[in-house]
Each structure stands twice: as structure tokens, then as C-alpha cells.
Amino acid sequence: MRQRTAQVVRNPVLAGSHPDPSILRVGADFYLATSTFEWCPGVRLHHSRDLVHWRPLGGALGSTRLLDLTGCPDSGGVWAPNLSHADGLFHLVYSNVSTYAGGFTDSPNHLVTAESIDGPWSDPVPLHARGFDASLFHDGADSRLVNLVHDWRPGHGGSAGLEVTRYDRATRRLVGEPEPVVLPPGAGWIEGPNLYRRGPWYYLLTADGGTGYDHQVTVARSRALTGPYERDPVGPLITARHHPDLPLQKAGHGSLVDTTGGPSYLAYLVARPYTRHGPCVLGRETALAPVTWTPDGWPRTPGGLPALEIPAPAPLVDGTDPRPDDHDDVGDPADSDGFDRPVLGPQWSTLRRPPTGCR
């Protein structure tokens, strides 16, 4: 087992095509799930004990039983998975965008569960085909599915906001009718909704401004789950929208995690353009930012801007990574693969279909 120490977190923590991060803590373990689109295995997973060093665990959806990408268009497939934990189970919600024709934004949304992050994952439970970027919110014995709603009428902008539907964890199905979420005025088109509860407040994090250079993470809160929500008066939690010379751009689509006795952290999407507002050849990546809370209960990141380095959190564990040291950290130049094992290593993907021997 390798002893590890660090003074800073270097962003992006997941480099090269790891977008739409969903972050989760279970005990002393942190997990990140990211989008995989038309690539197999679906939903990339990573593990850390300190938020600094991240170990690839491979993809959760490694068979056609869990995800069938036959005929999937480029950049279709799995968009913005959501990872949560309740009743001793990991819950993974994901959509499968199989076409861009007609109402492609109303995509099939599925749920799988597992006792261990390494699986085996249950057969998929079909939830509904309303929107994409769906997420599960657990509040004690109560769970709700949060998803986008689309307005297909000409001239109405496409977005009809958000809705929540009760999810029964015992019967593994949605129950009752969807309830509309009352958003702040002028909310516009929003994606990637995540709900959290902190004290008397419900917090709603959304990805606003599209996935390009106007991308941002916006926060709103309410004392009732369905609203009405009020937007943070200071503005976005994080964005590079008005700072085109920052090395990290397109900051948005975030999720929150608390540490034990320390600050909260935001996992969010970034990209590194080759030139100012130019192409980002490494795709969309995952970064972290520390989050503090104001006395009146609003989350804040340093300057509201993405940064290449942030202070490392105080030691969360004794520095020992309990997992076998089979693979170096993501981005380590020492990474190599002799292709001498019966399955591909967790760092590899294949296009639309699992390779022979894929777990």
C-alpha cells in the first residue's frame, strides 16, 4: 500500500473526456461518475480517499444487459449519470440518448443498484422517458427523481423547467404523479439538476448557459422541496464566462459533496482550450473547488472562478489507500498496459459494444 501526501489539488483531477461529474461520499470513500456517451463500458467510475488521488475503477455498465448502444449516434448514449447511496446500495441513474430525431431530449432513463461500487449491478429499472440528466435525491426514507421537462410548442423556448416524482426504494419504481418545481423567474433552459438538503433549506444546483463558453453552475434554494426557489443573489457558484483568458473554461455542471468535519467540495466540468475560445482537444474534464457557506446559508467557491490548483483538504484518512495498487493515478506518465490480462484495464473504452471478456 502506498503512502500519499499532497499540498494541493491539481485540476483537472480527471483529465481527458470525463464530463458531467456526479460526486458521492460513502464513509471515508469518495466516488466520481462521469458521462461516457457512445463508449463502452458506460459510466466511468473513480475512487479516492483524499480528493487528490483518483483511481479508475472502469465502467459500471459493461454489458448489453445494462446498456445497449447499438445504433447510438455520435455523442449520444449516456449523458450525465447520477450516483447516490441509500439503504446500503449504490444507485446509478442514467439516460440513453439513442437518436437525435424528433423528441430525442425525452430519453429513456434507467436505474441500476449494487451493494458494492464494483458491482454486480442489478438489471436496469426503467423509470420514464422524460428529459435527460435525471438525478435521485434521498432524504431519509423519502426519495425523489428530478428531471427536465420540455415544452415542444413552437416559440416556447423548449424548456418547461423541472419536475420531481416520488421513487419507492422498496418496490424500485416511481409512484404518484410528477410535481412541478417552481423555479426563479427567468430560469430559462437548465440542465444537470441536483437537489440537496442542508438544515431547513433545499438547494438546487443546475447547469446553465449551455455546455460552451457561457457554461455555469447556478444555485437556488427553498424551504419546500418543490419551491418556490430563489436564486443566489450573488450570481453563479462557478463560471469562466466573463474570463476568457483563464486556462480552465466552460466551467459548469456541478455536484456537491461534504467531507467529515471539513469544507464541502464542488465537482464540476471544465475544458482547456488550445487558444482563446478555441478548440478543446482533450474534451470536457472534471475539476474540484472548495466550497464554504456564508452565515446566511449560501455556498461560495473562491472568486466563483475555476482554478488550476486549490488547497488540498486536511488529511481525511491516514494516507493509506486500501485498494490494491494495480494502476497508477489518472494522468500519471508511468501509465502503461501490456495487454496481458484476460480483460482490458479500467482506463480503456471501446466504441458502442463491449470487447470480448469485458466485465
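A: The account below begins with the aromatic pairs and then turns to charged side chains.

This is a predicted model, in which local features need pLDDT of at least 70 and side-chain atom pairs count only at pLDDT 80 or more, while totals for chains, interfaces and linings use all residues. Residues are numbered from 1 along each chain as its sequence is written, and side-chain values use heavy atoms, with hydrogens and water left out.

Rings of Phe, Tyr and Trp (its six-membered ring) pair if their centres lie within 6.5 Å; planes under 30 degrees apart count as stacked, over 60 as edge-to-face and the rest as tilted. The count by this rule is 5 aromatic pairs. Among them is the edge-to-face pair of Tyr31 and Phe90, with 5.3 Å from centre to centre and 85° between the planes. Tyr31 belongs to strand S3 (residues 29–34) and Phe90 to strand S8 (residues 89–95), so this pair ties together parts that are 59 residues apart in sequence. Strands (E, at least two residues) are DSSP runs, numbered from the N terminus.

Phe137 is buried at 4% relative accessible area, and Tyr202 is buried at 10%.

Charged side chains meet rings as well. A charge sits over a ring if NZ of Lys or CZ of Arg is within 6 Å of the ring centre and within 35 degrees of the ring normal. Arg223 lies over the face of Trp201, 4.1 Å from the ring centre, and the charged end of Lys250 is over the ring of Tyr213, at 4.9 Å from its centre.

Arg65 is placed in the loop between strand S6 (55–61) and strand S7 (82–86), and it is partly exposed at 43%. Beyond its neighbours within four places in sequence, Arg65 is in contact (heavy atoms within 4.5 Å) with Trp121, Ser122, Asp123 and Pro124. The side chain of Arg65 reaches the backbone oxygen of Trp121 at 3.0 Å.

Conventions:
Helices (H or I, at least four residues) and strands (E, at least two) are DSSP runs, numbered from the N terminus. Buried means under 20% relative accessible area, exposed over 50%, partly exposed in between (1.4 Å probe, protein chains only). A polar contact is a pair of N or O atoms within 3.5 Å; within protein, one must be able to donate a hydrogen and the other to accept it, and residues adjacent in sequence count only if both atoms are side-chain atoms.
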